[in-house]
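Me: Please take a close look at a single part of this model, the sheet together with the helices packed beside it, and describe it in one connected account.

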Amino acid sequence: MADWNPAQYERFKDERSRPYFDLLDMVQPRPGLNCLDLGCGTGELTAQLHSRLGAKTTLGIDSSPAMLSKAAAHAAPGLAFAQGDIATFAPQGAVDLVFSNAALHWLPDHTKLLARIAAWLGPQGQLAVQVPANNDHASHRVAHEVAARPEFASAMQGYVRQWSVLAPEAYSTLLHGLGFTRQLVRLQVYLHVLDSANAVVEWVKGTLLTDYEKRLGPALFASYLKQYQAALRAVLGDQRPYPYAFKRVLFWAMR
Ligand SMILES: C[S@@+](CC[C@H](N)C(=O)[O-])C[C@H]1O[C@@H](n2cnc3c(N)ncnc32)[C@H](O)[C@@H]1O
């Protein structure tokens, strides 16, 4: 089964790290925070969070051995990484901040998920989450359309990728219902000026398409990729440079 590919993911490292720092700016610093970074990836940005907040402890959790294999390079006092699935993970001690950038959209049912995460936080506990909201962009729409073609759908036994990201206002009411007294929820558009429309393929290969890659296997995924590239070009043309406008939801809340 294909794992995440850190090299592919990091091809757009600067663009991908921008929302991480925007989200970090929403956090209220306080001395001695115990932080969790869910879906920490390579850990490079987790190390930045740990040092910028002057945290007491930070634990990065990720399910991908390939991404976590890069984390050791960012070791620092109080900073640790562990392999784990957010779906079943439970922290051992007190948590003051649960942070998650570009990871929770891989999990279903955000109403239940956020209720479980919120229960880990004590008084003044903070939650900071960024999830993509770009499922209606051609980059994603076409990816799902091609995956639904019979040769791919049958190989994936009819698998249809579910989109779990809620509307910004739904997160707002959800956070209120979970007892957070302060909150900031925003939809932000990140404009990534890529060399060409074809570079969008490279972008989604590092994220969304990993889901189809692991289900299709190498040979069929190569064929999927070819068809995706052609179908996307038919929609986007050959614009150079290509302005890839990417919507994301960022939210922060405090107990
Ligand atoms: C798009 S990357 C984001 C990495 C990092 N947070 C960043 O901002 O660069 C998504 C990460 O979430 C991880 N992930 C996805 N589903 C997960 C799960 N159920 N449990 C733990 N990690 C998960 C992936 O392995 C991947 O490293």
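Reply: What follows goes through the sheet, strand by strand, and then through the helix packing.

This is a predicted model, in which local features need pLDDT of at least 70 and side-chain atom pairs count only at pLDDT 80 or more, while totals for chains, interfaces and linings use all residues. Residues are numbered from 1 along each chain as its sequence is written.

Helices (H or I, at least four residues) and strands (E, at least two) are DSSP runs numbered from the N terminus, and two strands are taken to pair if DSSP finds at least two bridges between them. On that basis there is an open sheet of seven strands, with mixed pairing and the order 3-2-1-4-5-7-6. Strand 3 (79–83) and strand 6 (182–194) stand at the edges with a single partner strand each, so one side of each is left without a neighbour in the sheet. Direction ignored, neighbouring strands of this sheet are turned by 15 degrees against each other on average; axes here are lines fitted to C-alpha atoms, for helices over the stretch in contact, and angles run from 0 to 180 degrees between N-to-C directions.

Within the sheet, strand 1 (residues 34–38) runs parallel to strand 4 and is joined to it by three bridges, with leucine 36 opposite valine 98 in strand 4. Strand 4 (residues 95–101) in turn pairs in the parallel sense with strand 5 (residues 121–132) over six bridges, and asparagine 101 has glutamine 130 of strand 5 as its bridge partner. Between these two strands of the chain comes helix 5 (residues 110–118), and strand 4, helix 5 and strand 5 make a right-handed β-α-β unit, right-handed meaning that, with the strands pointing away from the viewer, the path from the first strand over the helix to the second runs clockwise.

On to strand 7 (residues 242–254): strand 5 and strand 7 run antiparallel and are joined by seven bridges, and here glutamine 130 stands opposite leucine 250. Strand 5 also holds glutamine 124, whose phi is near 65 degrees, a positive value in a residue other than glycine. A cis peptide bond, with omega about -10 degrees, joins arginine 240 and proline 241, and proline 241 has its place in the loop between helix 11 and strand 7.

As for the helices, helix 2 (residues 13–26) lies across strand 4, strand 5, strand 6 and strand 7, running at about 25 degrees to strand 7.

Helix 6 (residues 138–147) and helix 11 (residues 218–236) have axes that come within 9 Å and cross at roughly 135 degrees. The two are therefore oblique to each other, given that angles under 35 degrees count as roughly parallel, over 145 as roughly antiparallel, 65 to 115 as roughly perpendicular and the rest as oblique. Their crossing is right-handed, a term used if the near helix is turned clockwise from the far one by less than a right angle, and left-handed if anticlockwise. Counting residues as in contact if their C-beta atoms, placed from the backbone, lie within 7 Å, Ala138 and Val142 are among those of helix 6 that meet residues of helix 11, including Tyr224 and Leu232.

Helix 10 (residues 209–216) also packs against helix 11, at an angle of about 140 degrees with the axes 7 Å apart, which makes helix 10 oblique to helix 11. This crossing is right-handed, and in it Tyr212, Glu213 and Leu216 of helix 10 meet Leu220, Phe221 and Tyr224 of helix 11.

Note on methods
Two residues are in contact if their C-beta atoms, placed from the backbone, lie within 7 Å.
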